[in-house]
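I opened this model to look up its helix packing, its overall build and its confidence. My notes follow.

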Amino acid sequence: VANAILDGDEVRQFFDHDLGYSREERMANIKRIQFAAHVLSQNNIVTIVCNICPFQTLRDFSRAKLHDYHEIHLHKNLERSARSDVKSVYKQHQGKTEIVGVNIPFDEPVSCDLRIDVDLLTVDQSLEKINQYLRSKHPSWPL
């Protein structure tokens, strides 16, 4: 089984960061990712999309348009994210751009297939849960 990973940050980088972080620009970037996932899916490539999708309407669109779509929600506490600030999002962008969960509401998923509370698990434990889920849907899953 061929597979691919689409990372939201890499998509932004590929397009020379031509989109900002407003609600509309985030939606446009997510739609780019959705289209890429669609093309890969049409070519029988199992695709993992690593990206924040804060809008339920776009998640619903993915479920309707993408063959064999599985929504995995990695839940993380906003305050804990701001404290750890792994990518310096809060430090560099607070007050300068809109941040999901701060200025842009995050729509809690209404129909995710797997939810993982990453604050309660290690990275390895979270990854194992994802792999178990994917193997249950695709027995030859490679990871």
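I checked the ground rules next. This is a predicted model, where local features need pLDDT of at least 70, side-chain atom pairs need 80 or more, and totals for chains, interfaces and linings use all residues. Residues are numbered from 1 along each chain as its sequence is written, and side-chain values use heavy atoms, without hydrogens and water.

Then I took the geometry of the pair. The axes of helix H2 (residues 23-42) and helix H3 (residues 56-65) come within 11 Å and cross at roughly 15° (lines fitted to C-alpha atoms over the stretch in contact, angles from 0 to 180 degrees between N-to-C directions). So H2 is roughly parallel to H3 (angles under 35 degrees).

I listed the contacts (heavy atoms within 4.5 Å). From H2, Met27, Ile30, Lys31, Gln34 and His38 meet Thr57, Leu58, Phe61, Ser62 and Lys65 of H3.

I counted the elements last. The protein chain has six helices and four strands (DSSP runs: H or I of at least four residues, E of at least two, numbered from the N terminus). Their order from the N terminus is β-α-α-β-α-β-α-α-β-α. The C-alpha atoms fill a box of roughly 45 × 35 × 25 Å along the principal axes.

The chain averages a pLDDT of 89 (the predictor's confidence per residue, 0 to 100), and 94% of the residues score at least 70.

Conventions
Parallel < 35°, antiparallel > 145°, perpendicular 65-115°, else oblique.
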